[in-house]
Amino acid sequence: MKFTIKRSIFQQELQTVQRAISTKTTIPILTGVKIVLNEEGLSLTGSNSDISIETFLPVTNEKAQLAIEETGAIVLQARFFGEIIRRLPEDLFTMEVLSNNQVAITSGKADFTVNGLDADNYPHLPVIDAANQIKLPVHVLTKLIGETSFAVSQHESRPILTGVHFILNNQELLAVATDSHRLSQRIIPIENTAENFDIVIPGKSLTELSRSFMNEEEIVEISIMENQVLFKTENMYFYSRLLEGNYPDTNRLIPTSFNTEIEFQVPELLAAIERASLLSHEGRNNIVRLEIADQGVTLFGNSPEIGKVEEELNYETVNGDPLEISFNPDYMKDALRAFGDMSIKIKFISAIRPFTIEPSENSVAFIQLITPVRTN
């Protein structure tokens, strides 16, 4: 194998597949990146036990300036190889596989020789059945991930809750995540029909996926197999394992009747909660308190060690019973950031029951649920 390529373009591809490479793997060859060169172009693959990423750089990509002298394949230790490429002196470099899986990398006056591994020993990526597919614009999928994945559990004690639950049913895609203290659920319409499915994708996989997309305007094809899902764009394949087990029935957690309802503009409320949490973070109990009374709506933050803050909030509308409720400000900030710049309704039952947050516009099927903190 021998080729010359533009370093900056190659480095982008390498950084994408390195998201899937772990130094902690029990399979030594998986600490490496697989490089395959054929007449059509150059493909790079990185993998661990959870995700695999394969990118393809076609020879027709003029920016890459890919010149192929001899096709072939090799596996190189990803961390060292990445550092070498990053520090090469010029923007073009040549890579050549020598005898005994040794690889020469030359750029300007720099000349590296590194040891590689036989690409035939690299595990094969799963074969995905193309029959059960849905297609989404990349920007829609990344928004969906951003609106839900922050609410997955970080604790492995209930592995199923470390993933986002995706259900396709009657041309509606529902995504929901919960860590048992909060919940975020989004529903979007799907135009192209596919078989209904019910899967749980690890939250960490989805975070890496959303970081791997290069072009927000691309279409991503999602294909599902028994224990794998493939996200495919024009020049990238992203595989993730699926979590096994039954996701809890989250529908029954979402209340339908409320006693108090208040409407806010997200940026104003978010800024106030950020101010209140400056003090609550310093205390042993990370709590802020919201008081809805006849004379106004007030937010309180308190730390016995530091001091306290009190702020009267601007709101759009309020109706229902007076209420005093305490909650974790970090959960609230995550929830509000997922809504962005819009108007929201927060609906309460009582000081000890979970409350919901929804867009004021009924056309967006997005709901979040936060469990309050009991204070005696």
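Predicted model: local features only at pLDDT ≥ 70, side-chain atom pairs only at ≥ 80, totals over all residues.
D179 lies in the loop that joins strand 12 (172-178) to strand 13 (182-189). Is D179 buried or exposed? Its relative accessibility is 13%, so D179 counts as buried. The cut-off for buried is under 20%.

What does the side chain of D179 have beside it? One of its polar atoms lies 2.9 Å from the backbone nitrogen of H181. The backbone nitrogen of R182 is also placed by this side chain, with 3.0 Å to a polar atom of D179. R182 belongs to strand 13, which spans 182-189.

Leaving out residues up to four places away in sequence, D179 touches A151, V152, S153, L161 and Y331.

Stay in the loop for one more residue. S180 sits there too, between strand 12 and strand 13. Its phi is near 80°. That is a positive value in a residue other than glycine.

A second residue with positive phi is N100. Its phi is about 60°, and N100 is not a glycine either. Where does N100 sit? It is found in the loop between strand 7 (92-97) and strand 8 (102-107). N100 has a relative accessible area of 72%, so it is exposed. The cut-off for exposed is over 50%. D179, by contrast, is buried at 13%.

UniProt, in an unreviewed entry, places the feature "domain: DNA polymerase III beta sliding clamp N-terminal" at residues 1-126. In the model, this span is 17% helix and 45% strand.

How many residues line the largest pocket? The lining has 25 residues. Nearest the centre lie D50, E156, P202, K204 and S205. Which element gives the largest share of the lining? Helix 4 (residues 203-212) does, with 5 residues. By class, the lining holds 12 polar, 7 charged and 6 nonpolar residues.

Definitions and conventions: Residues numbered from 1 in each chain as written. Heavy atoms only, no water. UniProt positions renumbered as here; feature names shortened; annotations may be inferred. Helix = DSSP H or I, 4+ residues; strand = E, 2+ residues; numbered from the N terminus. Buried < 20%, exposed > 50% of the residue type's maximum accessible area, 1.4 Å probe, protein only. Polar contact = N/O pair within 3.5 Å; in protein donor to acceptor, adjacent residues only side chain to side chain. Contact = heavy atoms within 4.5 Å. 1 Å grid on protein atoms, 1.4 Å probe; cavity = no way out; pocket = protein on both sides within 12 Å on 5 of 7 lines; lining within 4 Å. Nonpolar A, V, L, I, M, F, W, Y, C, P; charged D, E, K, R; others polar.
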